[in-house]
Amino acid sequence: MPMTSLAERLGHDAGSKLVIISCDDLGASHSANVGVYKALRDGMATCASIMVPAPWARDAALRYQPGDDIGVHLTLNCEYEAYRFGPITHAPSLHSGEAGFPRRIADLWEHADPEEVLRECRAQIERAIAWGIDVTHLTPHLTAITLRPEFFDVYLELAVEFRLPIRLPSTITAEQAGFPFRQLAADEGVLFPDHFNHDWRSGSRDRVYDELGSLQPGVTEIHVQPVIDTPEARALTDAAIGWIDDLELVTTDAKLELMLADSGATLIGFRALRDAMRGA
């Protein structure tokens with residue numbers, strides 16, 4: 001008997017094309033908060049994930065409305081040179097020498113204590129819940145805990161503990177990662193989209209068009225990082241120009257809407273995966 005596909009578990013035909021348009025870095029700035037919620041409420045985005053340790057995370061939580069599909073963007077890096085923030089727990093191994101989380105993943109992997117990583121990530125989820133967010137999924141900031149076995153164990157443990165689906169790349173093989181991360185998650189009953197492009201270029205327009213132009217059956221997650229155009233956003237990084245375009249892409253771009261329609265895709269959020277996972 002063939003295995004049930006993820007699409008079928010979500011109540012769709014096996015050949016259905018289901019698309020999640022997710023917004024990263026909610027809470028990273030005021031500009032991100034306004035942009036992400038605009039993308040969710042006025043645009044085509046279907047879910048977002050909050051960076052609990054970031055300075056504007058509490059503001060993001062206060063803007064939350066029941067029904068918003070919000071996950072936790074588990075954060076152990078702060079890549080900005082001048083804009084710094086760090087862990088919400090006592091975690092000496094998660095601090096860089098320049099204040100806050102390390103900027104580079106390599107530094108995190110070299111110094112982070114897995115026990116402190118587990119405690120910090122659990123605290124981030126618990127704080128989001130305490131703020132009143134009905135957490136629907138987990139995503140890793142910069143994939144810091146996805147592709148390192150000792151930190152992937154933390155990711156998977158928390159997904160099982162809180163019964164939440166997760167984001168996993170599909171463009172990196174088990175051989176490239178050095179361990180079967182997707183199979184390990186499946187063995188634990190943790191759900192994740194079938195397709196997710198591991199591509200972190202700032203500005204998503206071409207990447208999103210490419211994804212929709214070659215959409216495969218199953219669940220495809222496409223991530224964007226929308227912000228409103230403000231001096232704050234532009235002061236953070238030159239990459240903000242791409243984020244500003246992301247907001248235009250998911251709120252005003254007629255081509256995106258047409259491509260989705262032509263593909264026959266159905267938009268969904270991570271809540272559908274969470275409900276299926278908990279229903280099992």
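**Core and helix packing in a predicted model**

Q: Which residues of the largest nonpolar core touch the most other members?
A: In this core of 94 residues, Ile70, Val117, Leu138 and Ile166 touch the most other members, a nonpolar core being a set of buried Ala, Val, Leu, Ile, Met, Phe, Trp, Tyr and Cys residues joined through side-chain atoms within 4.5 Å. Helix α6 (residues 149-162) gives the most to the core, namely eight residues; helices (H or I, at least four residues) and strands (E, at least two) are DSSP runs numbered from the N terminus. The model is predicted, with local features needing pLDDT of at least 70 and side-chain atom pairs pLDDT 80 or more, while totals for chains, interfaces and linings use all residues. Residues are numbered from 1 along each chain as its sequence is written, and side-chain values use heavy atoms, leaving out hydrogens and water.

Q: What makes Tyr83 buried or exposed?
A: Tyr83 has a relative accessible area of 18%, and buried means under 20%, exposed over 50% and partly exposed in between, with a 1.4 Å probe and protein chains only, so Tyr83 counts as buried. Tyr83 lies in the loop between β3 (70-74) and α4 (105-111), and, leaving out residues up to four places away in sequence, touches Ala28, Ser29, Pro55, Trp56, Cys78 and Leu236, where contact means heavy atoms within 4.5 Å.

Q: How do you know whether α9 and α12 are roughly parallel or roughly antiparallel?
A: The axes of α9 (residues 205-213) and α12 (residues 254-263) come within 10 Å and cross at roughly 15 degrees, axes being lines fitted to C-alpha atoms, for helices over the stretch in contact, with angles from 0 to 180 degrees between N-to-C directions. Angles under 35 degrees count as roughly parallel, over 145 as roughly antiparallel, 65 to 115 as roughly perpendicular and the rest as oblique, and α9 and α12 are therefore roughly parallel to each other. Val208, Tyr209, Leu212 and Gly213 of α9 make the contact with Lys255, Leu256, Met259, Leu260 and Ser263 of α12.

Q: What classes of residue make up the contact of α5 with α6?
A: Pro114, Val117, Leu118, Cys121, Arg122, Ile125, Glu126 and Ile129 in α5 meet Glu150, Phe151, Val154, Glu157, Leu158, Glu161 and Phe162 in α6. These divide into 10 nonpolar, no polar and five charged residues, since Ala, Val, Leu, Ile, Met, Phe, Trp, Tyr, Cys and Pro count as nonpolar, Asp, Glu, Lys and Arg as charged, and the others, Gly among them, as polar.
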